[in-house]
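Hello,

Here is the structure we discussed. Please look it over; my notes follow below it.

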Amino acid sequence: MKNIYPYFILLCCVALTLASCKKDEPAPPAPVDASRTVLVYMVANNNLGSSRFDAMDLEEMKTGAGKGYIGDGRLLVYHAPYNADPHLIEITSHGIDTLQSYDRSLRSVSSQRMSAVLSDMARLAPADDYGMVLWSHGTGWIHDGMESTPLHQRSFGEEHGYTMNTSTLAEVISAAKVDFSFLYFDCCYMMSIETLYELRNAVPLIAGSATELPSPGMPYDLNVRYFFAKPSVDLIGAAESTFNYYDAMFGQDRTCTMSVVETAGIARLAQISRTIFEACGGGIPEGYSPQRFMYTSVASCRYFDFLDYMHALCDAAGRQDLAGTFDSTFSEVVTYSAATPKLWNAIDLNRHNGISTYILSNAESSLTGNYNQLSWFDDVASAVKFE
């Protein structure tokens with residue numbers, strides 16, 4: 001025992017020294033708040049990813065970051081590539097850093113995965129202000145999310161036939177730990193009144209297209225600067241930049257519509273719209289040819305110009321007073337709107353006003369795309385009565 005005792009004392013001293021050293025080691029620094037964190041939620045596990053449009057856009061983001069456009073903000077991307085595990089990455093002036101890795105047990109269009117990513121963003125990149133860009137396919141109001149569906153039947157996102165309903169998107173954004181000051185849809189058909197109505201309480205400022213967009217999407221190398229503009233985001237600048245990019249092209253490539261909406265006025269727009277439906281009815285007035293936003297027939301089209309249609313209803317019923325009230329409210333909601341002369345060099349866009357809508361032609365048409373499950377149908381379009 002006498003021989004062991006000195007060694008025991010020595011071991012205790014060493015342990016105390018190590019504990020003291022460990023205690024004195026500085027804790028990892030907590031993330032410092034940025035002026036603004038922008039998350040690009042990139043669902044590319046589809047034909048866009050297999051065609052490498054995601055890789056092209058990541059390179060454009062790196063170019064924008066290299067020019068100093070991010071400033072003291074942070075640009076994060078949830079990147080779900082084609083047939084590979086997703087990662088939460090950060091685009092910096094020096095390149096790309098990986099912040100978090102995910103497996104494919106959850107689909108990127110599931111509420112659980114998006115909620116987890118938003119939580120990770122808030123933890124890893126805290127900021128004074130937040131914005132989000134949604135990158136993928138899109139069909140706006142069509143209510144078929146998270147069920148295996150035929151091709152080209154999707155709301156937001158597309159991952160092997162699965163999608164996210166815009167009602168689910170609104171719930172996820174509203175439940176996030178942070179408040180988003182803007183949402184930019186880098187996908188097709190998302191600027192429908194039905195979609196915007198679902199999102200009216202989730203985010204105050206929304207930009208996107210009422211029509212199909214070319215697959216390359218927005219020019220990120222040009223637009224990054226607008227997302228990090230001070231003192232607040234320049235969403236009109238970003239939308240205008242995208243529009244000008246495609247408007248400068250020729251032939252079929254010259255195709256684009258863009259608009260920016262302030263959601264604070266959408267509830268009032270819904271009220272006047274319901275009044276018009278109650279007073280003027282619905283359907284397609286005799287002699288009226290609606291402004292289509294799809295390269296298809298009127299019968300199979302799902303997106304028509306909203307303002308143009310409401311004017312047609314008011315004109316047919318002789319209610320120009322209601323049209324005037326609608327116009328004044330609409331102008332408060334749509335703060336920017338632009339369209340190339342034609343869609344895919346085939347459909348005139350001279351009556352584009354920034355927001356689309358679906359036209360109920362009869363009682364059965366409310367079943368199309370589960371339209372009758374939308375808040376817009378419950379609160380507004382259900383006022384249309386068919387015999």
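A disulfide here is a pair of cysteine sulfur atoms within 2.5 Å. The structure holds zero of them. Cys-187 is buried, at 2% relative accessible area. (Buried is under 20% relative accessible area, exposed over 50%, partly exposed in between; 1.4 Å probe, protein chains only.) For Cys-280, the closest cysteine sulfur is that of Cys-314, 4.6 Å off and too far for a bond. Cys-280 also counts as buried, at 18%.

A word on the source. This is a predicted model, with residues numbered from 1 along each chain as its sequence is written. Local features need pLDDT of at least 70, side-chain atom pairs count only at pLDDT 80 or more, totals for chains, interfaces and linings use all residues, and side-chain values use heavy atoms, without hydrogens and water.

Now helix H7, residues 220-227. (Helices are DSSP runs of H or I, at least four residues; strands are runs of E, at least two; both are numbered from the N terminus.) Its buried residues are Tyr-220, Asn-223, Val-224 and Phe-227. They lie on the same side of H7, because their arc around the axis is only 120°, taken from the directions from the axis to the C-beta atoms. Their cover includes strands S1, S2, S5 and S8, plus helices H3 and H8. Contact means heavy atoms within 4.5 Å.

Phe-227 returns in the largest nonpolar core, which has 126 residues. Leu-39, Tyr-41 and Phe-180 join Phe-227 as those with the most contacts inside that core. (Such a core is a set of buried Ala, Val, Leu, Ile, Met, Phe, Trp, Tyr and Cys residues joined through side-chain atoms within 4.5 Å.)

Best regards
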